[in-house]
Amino acid sequence: MTVMSREIKFRGYVEKIDDIGIDVPHEGHFVYGDLVHGNNFDCIVGGLIEANEEYASIEWWQTLQQGAAEQYTGLKDKKGKEIYEGDIVQFPILGKPHREIVAWSDMDSAFIIGMMYLSRFQPKMEVLGNVHTNPELLEEK
């Protein structure tokens, strides 16, 4: 089996920090790594130790509520911060600041903000927060 490096990254939101495993690296409520999607749950995993056709051994994993995992868009904001699904971003439209949530569109097979493609505004975009820890940012809209 060949393991290939890739730039597809995920983060998972864990509501209670005490629920994060002892050996699981995290930043606040977020765990970063690869996604394993189950029937009733999702896991963010990291540290592939060994793998073959029958099993995989990983260094750590964190179980999440299904749907709590978000994918990295491959883009960074104007300050160099990675942009993930669920981020609340601000960008100018006709000289005025505008806020939207980053989402995946199955219909377009692309990341979008509102009805627009994310990459269109990326050079002037700033991540303000995310829907989990900063929902009040959407109310200010």
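Biologist: Which residues does Thr73 touch, not counting residues up to four places away in sequence?
Modeller: Bear in mind that this is a predicted model. Thr73 is found in strand β6, and with a relative accessible area of 14% it falls under the 20% limit, so Thr73 is buried. Leaving out residues up to four places away in sequence, Thr73 touches Ile83, Tyr84, Glu85, Val102, Phe111 and Leu118.

Biologist: Which backbone oxygen lies 2.8 Å from a polar atom of the side chain of Thr73?
Modeller: There are two backbone atoms to look at here. A polar atom of the Thr73 side chain lies 3.1 Å from the backbone nitrogen of Leu75. The backbone oxygen at 2.8 Å from a polar atom of that side chain belongs to Ile83.

Biologist: Is Arg11 buried or exposed?
Modeller: Arg11 is found in strand β1. With 4% relative accessibility, below the 20% cut-off, Arg11 counts as buried.

Biologist: How many residues apart in sequence are the parts that the pair Arg11 and Glu70 ties together?
Modeller: The Arg11 and Glu70 side chains meet in a salt bridge, at 2.8 Å from N to O. Arg11 sits in strand β1 (residues 10-13) and Glu70 in strand β6 (residues 69-76), so the pair ties together parts whose separation in sequence is 59 residues.

Biologist: What is the relative accessibility of Asp87, the other partner of Arg11?
Modeller: Asp87 and Arg11 meet through their side chains in a salt bridge of 2.7 Å, N to O. Asp87 lies in strand β8 (residues 87-93) and Arg11 in strand β1, so the pair ties together parts 76 residues apart in sequence. Asp87 counts as buried because its relative accessibility is 2%.

Biologist: Where is Glu126, the residue that pairs with Lys79?
Modeller: Lys79 and Glu126 meet in a salt bridge of 2.9 Å, N to O. The pair links distant parts of the chain, 47 residues apart, with Lys79 in the loop between β6 and β7 (82-84). Lys79 is exposed, as its relative accessible area of 62% is over 50%. Its partner Glu126 sits in strand β12 (residues 126-130).

Biologist: Which residues do salt bridges that share partners join into one network?
Modeller: The whole structure holds four salt bridges. Arg11 meets Glu70 in one of them and Asp87 in another. Shared partners therefore make one network of Arg11, Glu70 and Asp87.

Biologist: How far apart in space are Gly74 and Lys9, C-alpha to C-alpha?
Modeller: Gly74 has its place in strand β6. With a relative accessible area of 49%, Gly74 is partly exposed. Gly74 and Lys9 are 65 residues apart in sequence, while their C-alpha to C-alpha distance is 8.5 Å.

Biologist: What share of the 141 residues in the protein is buried?
Modeller: The secondary structure comes to two helices and 12 strands, and the C-alpha trace spans about 55 × 35 × 30 Å along its principal axes. Of the contacts between residues at least 6 apart in sequence, 49% join residues at least 24 apart. The protein exposes about 9400 Å², with carbon and sulfur atoms supplying 50% of that area. Of the 141 residues, the buried share is 35%.

Methods. Residues numbered from 1 in each chain as written. Predicted model: local features only at pLDDT ≥ 70, side-chain atom pairs only at ≥ 80, totals over all residues. Heavy atoms only, no water. Helix = DSSP H or I, 4+ residues; strand = E, 2+ residues; numbered from the N terminus. Buried < 20%, exposed > 50% of the residue type's maximum accessible area, 1.4 Å probe, protein only. Polar contact = N/O pair within 3.5 Å; in protein donor to acceptor, adjacent residues only side chain to side chain. Contact = heavy atoms within 4.5 Å. Areas by Shrake-Rupley, 256 points an atom, 1.4 Å probe, with all protein chains shown as cover.
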